[in-house]
Structure formats: structure tokens, C-alpha cells
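My entries follow in the order I made them.

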Amino acid sequence: MINYKQILLKSITVITFTVMLFSCSNSTEEVRNFLEEKNLPIGKAKDAYHVYKDSGRITSKLITPLLLDFSNRKAHPYNEFPEGIKIINFENNGKDSVTVIGDYALTYSKTEISEIKGNVVVINHTDKSRLETEQLFWDQKTSYFVSEEPFTLYQEKDTVIGIGFECKEDLSKHLAKKTVGKLETKE
């Protein structure tokens with residue numbers, strides 16, 4: 001008799017739990033809205049390593065310890081990289097030509113604008129130039145960097161120090177503001 005009571009009690013518990021489990025009817029849209037209201041990401045990736053390809057050729061790699069996906073935002077969907085980011089863009093038949101590193105980054109998918117902050121370093125491996133700053137805005141559509149923060153640009157023969165600059169993604173054709181430093185020019 002005792003075994004029947006225990007089996008009956010366990011069966012009722014399992015049936016009750018199953019009914020409660022299947023009675024939840026949240027749609028995907030309701031879950032997205034809930035996460036947006038609570039300012040929670042819709043996805044999280046640890047130790048992410050993402051490879052971008054174009055026509056079967058690797059064009060860039062993204063490496064980050066933590067990626068938070070806020071693509072559920074209606075007005076401004078974005079991705080956040082709170083523990084840093086490293087992006088390697090490949091050009092010149094597979095050689096990595098530009099590497100971008102920073103302690104924190106935000107990238108907005110609608111505008112394709114990224115903000116990288118904290119110990120930002122951009123290295124052009126082809127001409128061995130290096131840019132160091134604390135904040136950088138990157139327009140991925142036009143492949144252009146902009147900053148109003150202090151910077152140091154190291155080139156083969158020159159070192160430019162200043163506040164504010166604009167340049168192409170490969171650190172060429174730069175416009176530096178409020179500059180000092182050693183520059184070599186042709187007369």
C-alpha cells in the first residue's frame with residue numbers, strides 16, 4: 001500500500017509539473033520585448049572567434065572574450081564587447097594588413113559605425129604604421145577612422161602626436177589636428 005501511495009504521489013507531481021511546463025505560451029516576440037525592457041542582451045558569446053568571408057576568401061577575423069548581442073533593439077540594434085576586441089582585416093593575398101585592438105567596443109548594425117575605447121591600437125602590417133589613442137570611431141561603410149582624442153601615429157620615418165584625426169582604415173591619407181612631432185617632408 002505504501003508503494004502505491006508513493007507511486008501515485010510521484011505521478012501526480014510529474015503530471016502537474018508537465019502541465020505547468022507546457023502551459024507557458026510566450027512567443028518569441030514577447031521574450032524579445034521583455035529582454036529589451038530589462039536592457040538584457042538577446043544573446044551572449046564567450047571567447048568568440050568569428051571569421052568573415054567574401055566569395056570564399058577570408059576578409060577579416062573578430063576575436064573577443066565576451067560578445068553581448070542587443071540586436072533586439074528596434075531603434076538602434078548593437079553588439080557590445082565589454083572585455084575587449086581584436087579585429088584583423090586581411091588584404092594582399094591573405095596577409096593581415098590591418099589589426100584593430102581595444103579594451104571595449106560597441107558596433108551599431110544599422111549604421112555600421114563602431115566605437116572602440118581604451119588602449120586603442122591600429123596596426124598597418126604592410127607599411128608598419130601604428131596608431132594609438134583612447135577612443136576611435138570606425139565607419140565600416142567608408143572604411144574611415146575618426147577621433148577627437150589625443151593620439152600618436154608612428155610611421156616608418158615620422159611620429160605624429162596630436163589631438164583629433166581622421167584617416168582611411170589602412171592609416172593612409174590622414175588628416176591630423178593640433179599636431180606636434182617629428183615629420184620628414186620633401187622640399
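Entry one. I began with Glu 156, which is exposed, with a relative accessible area of 72%. The model I am reading is a predicted one. I placed Glu 156 in the loop between strand E9 (144-154) and strand E10 (159-168). I then looked up its surroundings: Glu 156 belongs to a patch of negative charge on the surface, together with Glu 91, Asp 127 and Asp 170.

Entry two. I asked how many salt bridges a search of the whole structure finds. The search gives three.

I noted the pair Arg 130 and Glu 132, a salt bridge whose closest N and O atoms are 2.7 Å apart. Glu 132 is partly exposed at 27% relative accessibility. Arg 130 is also listed as partly exposed, at 32%.

I turned to Glu 148, which forms a salt bridge with Lys 177 at 2.9 Å, N to O. Glu 148 lies in strand E9 and Lys 177 in the loop between strand E11 (175-176) and strand E12 (179-182), so this pair ties together parts 29 residues apart in sequence. Glu 148 counts as exposed at 51%, while Lys 177 counts as partly exposed at 28%.

Glu 166 is in strand E10, and the pair links parts of the chain 11 residues apart. The relative accessible area of Glu 166 is 23%, which I recorded as partly exposed.

I wrote down Glu 148, Glu 166 and Lys 177 as a network of salt bridges.

Notes
Residues numbered from 1 in each chain as written. Predicted model: local features only at pLDDT ≥ 70, side-chain atom pairs only at ≥ 80, totals over all residues. Heavy atoms only, no water. Patch = residues over 30% accessible without salt bridge, like charges linked within 9 Å, V, L, I, M, F, W, Y side chains within 5 Å. Areas by Shrake-Rupley, 256 points an atom, 1.4 Å probe, with all protein chains shown as cover. Salt bridge = Lys/Arg side-chain N within 4 Å of Asp/Glu carboxyl O. Lys, Arg positive; Asp, Glu negative; His and termini not counted. Charge placed at Lys NZ, Arg CZ, Asp CG, Glu CD. Helix = DSSP H or I, 4+ residues; strand = E, 2+ residues; numbered from the N terminus. Buried < 20%, exposed > 50% of the residue type's maximum accessible area, 1.4 Å probe, protein only.
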